Amino acid sequence: MTAEPRTSQTWLSPSTPAAARQVHQAPLQGGSQGLAARYQAAERPVARPLFGPPPTPAYPARQAPQGDLFAAPGMLPPSVWPVAVWTFLFGPLAIISVLARGNKAGRMGLSTTPYWMAFGITTAVTYALGCALYMVVVVALGLYTL
């Protein structure tokens with residue numbers, strides 16, 4: 001047995017398979033070529049070079065930066081209602097919850113707008129309720145001053 005280098009012609013162009021060498025094939029109707037003739041006439045694949053970088057794709061895919069998390073089909077986004085509860089209870093300190101949930105949603109490829117809207121709306125509602133409660137207490141107790 002002799003060893004041939006992989007760059008020899010026998011390594012680069014595969015031989016015709018045994019099925020293609022058969023001569024007793026039934027002719028097709030219409031006089032077109034048979035399968036063996038079409039196989040032998042087909043263009044051979046070009047051998048890939050042994051050294052060097054692999055070929056680059058025509059349209060490279062966008063690579064996600066390390067640490068990014070994208071939403072899987074069954075994965076739920078962070079909930080918005082805890083932002084409203086934390087904002088109602090702790091006011092401006094709820095920004096911590098908004099930032100955490102918004103960043104997680106952003107890493108999943110989702111919008112951070114619902115979390116900031118929940119914070120803003122809850123802050124406005126809490127302020128309005130506080131003003132209304134202040135007015136009711138002042139009027140009920142007659143503590144208003146000019």
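The following legends describe close-up views of a predicted model of one protein.

Local features require pLDDT of at least 70 and side-chain atom pairs count only at pLDDT 80 or more, whereas totals for chains, interfaces and linings use all residues. Residues are numbered from 1 along each chain as its sequence is written, and side-chain values use heavy atoms, with hydrogens and water left out.

**View 1. The helices of the protein.** The protein contains 5 helices and 0 strands, in the order α-α-α-α-α from the N terminus. Helices (H or I, at least four residues) and strands (E, at least two) are DSSP runs, numbered from the N terminus. Of the 146 residues, 13% are buried; buried means under 20% relative accessible area, exposed over 50%, and partly exposed in between (1.4 Å probe, protein chains only).

**View 2. The nonpolar surface patch.** A patch of about 1,200 Å² includes Trp81, Trp86, Phe90, Met117 and Leu129. Patches consist of residues with over 30% relative accessible area and no salt bridge, with like charges joined within 9 Å and nonpolar side chains (Val, Leu, Ile, Met, Phe, Trp, Tyr) within 5 Å. A salt bridge is a side-chain nitrogen of Lys or Arg within 4 Å of a carboxyl oxygen of Asp or Glu. Accessible areas come from the Shrake-Rupley method with a 1.4 Å probe, and for residues only the protein chains shown count as cover. Helices α3 (81–90) and α5 (113–141) each supply at least two patch residues, and the largest share, 6 residues, comes from α3. Phenylalanine 90 belongs to helix α3 and counts as partly exposed because its relative accessibility is 44%.

**View 3. Threonine 87 and threonine 122.** Threonine 87 lies in helix α3, and threonine 122 lies in helix α5. Threonine 87 counts as buried because its relative accessibility is 2%; threonine 122, at 14%, also counts as buried. Leaving aside residues up to four places away in sequence, threonine 87 touches Ala94, Phe119, Thr122 and Thr123. With neighbours within four places likewise left out, threonine 122 is in contact with Ala84, Thr87 and Phe88. Contact means heavy atoms within 4.5 Å. The side chain of threonine 122 also reaches the backbone oxygen of alanine 118 at 2.7 Å.

**View 4. The annotated spans.** The unreviewed UniProt entry lists residues 83–103 and 115–144 as "transmembrane region"; such annotations may be inferred rather than shown by experiment, and the positions follow the numbering used here, with feature names shortened. In the model, residues 83–103 are 81% helix and 0% strand, and the end C-alpha atoms of this span lie 13 Å apart.

Key. A polar contact is a pair of N or O atoms within 3.5 Å; within protein, one must be able to donate a hydrogen and the other to accept it, and residues adjacent in sequence count only if both atoms are side-chain atoms.
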